[in-house]
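I set out below what I looked up in this structure, entry by entry.

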Amino acid sequence: MRKRVIVDMDGVLADVYRHFILLERERYGIVIDPGRIEGVSEEEAFPHFTRIVNSGGFFRHAPVMAGAVEGLRRLEALYDVRVVSSATEFPASLREKYDWLREHFPFISWRRMTFGGSKDLICGDIMIDDHTFNLREFHGRKIIFTQPHNINIQEPGIERAGSWPEVTDLLGC
């Protein structure tokens with residue numbers, strides 16, 4: 001039986017930081033320097049965070065993380081891949097996230113998508129996420145996908161990957 005890999009969506013498959021930076025500039029005229037938001041939460045980094053994530057289309061139109069499509073295809077060759085995303089915090093995101101995955105990752109069946117709240121009930125062998133609070137509760141191998149908010153975090157038992165090629169190297173595919 002193949003090992004199960006749990007893959008987060010926002011910040012791992014979807015490049016939400018790039019999307020936030022673009023929307024802050026386009027909608028509000030605010031230029032965000034990526035180097036100045038390292039080590040702070042998304043809510044602190046983006047002045048209009050709440051307004052942006054609650055606006056229609058934010059999750060639907062997020063750009064795909066560089067290398068994510070190829071990386072997920074490579075993982076699928078060796079692992080049972082499941083995409084798990086917290087969607088109930090922003091209820092309108094549920095349909096947008098589903099539609100986004102169907103467009104950009106059509107090879108991921110709806111049966112292998114899970115949308116919910118907390119990820120503490122999720123079971124698998126490996127989890128790739130950009131938030132340590134999700135990884136801390138997980139009982140398998142933990143890989144944090146580097147994002148500005150987690151750049152300074154180093155915790156025992158959590159490996160780091162800064163790109164999709166690094167993920168596939170860590171997982172041998």
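**Entry 1: helix α4.** I found E70 and A77 exposed on the other side of α4, where exposed means over 50% relative accessible area, buried under 20% and partly exposed in between (1.4 Å probe, protein chains only). I recorded that the model is predicted: local features need pLDDT of at least 70, side-chain atom pairs count only at pLDDT 80 or more, and totals for chains, interfaces and linings use all residues. Residues are numbered from 1 along each chain as its sequence is written, and side-chain values use heavy atoms, without hydrogens and water.

I then listed the buried residues of α4 (residues 68-78): A68, G71, L72, L75 and E76. Viewed down the axis of α4, these buried residues fall within an arc of 140°, so they line one face of the helix; the arc is that of the directions from the helix axis to the C-beta atoms. Their cover includes β1 (4-7), β2 (80-86), β4 (126-129) and α7 (164-170). Helices (H or I, at least four residues) and strands (E, at least two) are DSSP runs, numbered from the N terminus.

**Entry 2: the largest pocket.** I noted about 520 Å³ of space in the largest pocket. A pocket is an open set of points on a 1 Å grid over the protein atoms alone, where a 1.4 Å probe fits, with protein on both sides within 12 Å along at least five of seven lines; lining residues have an atom within 4 Å of a point. Grid points are joined across faces, edges and corners, and the volume is the space filled by probe spheres set on the points. Of the 28 lining residues, E42, S86, E89, H131 and F133 are the closest to the centre.

**Entry 3: S93.** I located S93 in helix α5 (residues 93-104). S93 is buried, at a relative accessible area of 2%. A polar atom of its side chain lies 2.6 Å from the backbone oxygen of F90. Not counting residues up to four places away in sequence, S93 touches F59 and A87, contact being heavy atoms within 4.5 Å.

**Entry 4: D8.** I found D8 in the loop between β1 and α1. D8 counts as buried, at 5% relative accessibility. What joins the side chains of D8 and K119? I recorded a polar contact of 2.7 Å, a pair of N or O atoms within 3.5 Å, one able to donate a hydrogen and the other to accept it.

**Entry 5: V64.** I placed V64 in the loop between α3 and α4. The C-alpha atoms of V64 and M9 are separated by 9.8 Å, at 55 residues apart along the chain.
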